Amino acid sequence: MRESLQKKYIPMTETIYYTLLAVLSPRHGYAIIQYVCGLTKGRILLGTGTLYTMLGRLVSDGMIVVTPESDKKTYQITDAGMELLDEETRRLEKQLADGQKILAGGVFMDQDSYQG
């Protein structure tokens, strides 16, 4: 994956993350809105303007493609989009694990003892 795309999308906004999850299967715009709303139990409500602007950007960056499945425009994730989604999921898992460890009373290693 191109480094410029990593810099552009990592860390990823929630709306992009959930939209990429939604298009693991081909979906048209309204179906993406419904999927994200259902998956997040209404926490994320995508507006049509926001969604279609984001979809256009994701298509132009090669993260998703328009698929000719029906009379409606449908979108599906590409291999590059999948790589980006996987990378962001791993980053979020590490972030969550660090937070859970610290909140549970774990010890934070200071900079002087870091051997990176």
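The questions below take up terms used for this predicted model and set each against its criterion.

Q: What makes up the protein in terms of helices and strands?
A: There are five helices and three strands. Along the sequence they follow the pattern α-α-β-α-α-β-β-α.

Q: Why is V36 called buried?
A: Buried means under 20% relative accessible area. V36 has 1% relative accessibility, so V36 counts as buried. V36 lies in helix 3, and its C-alpha atom is 9.8 Å from that of Y17, 19 residues away along the chain. Of the 116 residues in the protein, 30% are buried.

Q: Is K41 buried or exposed, and what makes it so?
A: The cut-off for exposed is over 50%. K41 has 78% relative accessibility and therefore counts as exposed. K41 is in the loop between helix 3 (29-39) and helix 4 (48-60).

Q: How do you know which form the peptide bond from I10 to P11 takes?
A: Omega of this bond is near 0 degrees, and the bond is cis. P11 is placed in the loop between helix 1 (3-9) and helix 2 (14-22).

Q: Why is the pair of Y17 and Y18 given the name it has?
A: Two aromatic rings pair if their centres lie within 6.5 Å, and planes over 60 degrees apart count as edge-to-face. The count of aromatic pairs comes to one. In Y17 and Y18 the ring centres are 5.7 Å apart and the planes stand at 90 degrees, so this pair is edge-to-face. Y17 and Y18 are both buried.

Q: What makes R27 a charge over the ring of Y35?
A: The criterion asks for CZ of Arg within 6 Å of the ring centre and within 35 degrees of the ring normal. The charged end of R27 is 4.0 Å from the centre of the Y35 ring and sits over that ring.

Q: Which strands stand at the edges of the sheet, and why?
A: The sheet is open, with three strands in the order 1-3-2 and antiparallel pairing. Strand 1 (27-28) and strand 2 (64-67) each have a single partner strand, so one side of each has no neighbour in the sheet, and these two are the edges.

Q: How do you know that strand 2 and strand 3 pair?
A: Pairing needs at least two bridges. Strand 2 and strand 3 (residues 74-77) have four bridges, in the antiparallel sense. V65 stands opposite Q76 of strand 3.

Q: Why are helix 3 and helix 4 called roughly perpendicular?
A: The axes of helix 3 and helix 4 cross at roughly 110 degrees and come within 11 Å. The class runs from 65 to 115 degrees, and helix 3 and helix 4 are therefore roughly perpendicular to each other. Helix 3 passes helix 4 in a right-handed crossing.

Terms used
Residues are numbered from 1 along each chain as its sequence is written. This is a predicted model: local features need pLDDT of at least 70, side-chain atom pairs count only at pLDDT 80 or more; totals for chains, interfaces and linings use all residues. Side-chain values use heavy atoms; hydrogens and water are left out. Buried means under 20% relative accessible area, exposed over 50%, partly exposed in between (1.4 Å probe, protein chains only). Rings of Phe, Tyr and Trp (its six-membered ring) pair if their centres lie within 6.5 Å; planes under 30 degrees apart count as stacked, over 60 as edge-to-face and the rest as tilted. Axes are lines fitted to C-alpha atoms, for helices over the stretch in contact, and angles run from 0 to 180 degrees between N-to-C directions. Angles under 35 degrees count as roughly parallel, over 145 as roughly antiparallel, 65 to 115 as roughly perpendicular and the rest as oblique. A crossing is left-handed if the near helix is turned anticlockwise from the far one by less than a right angle, and right-handed if clockwise.
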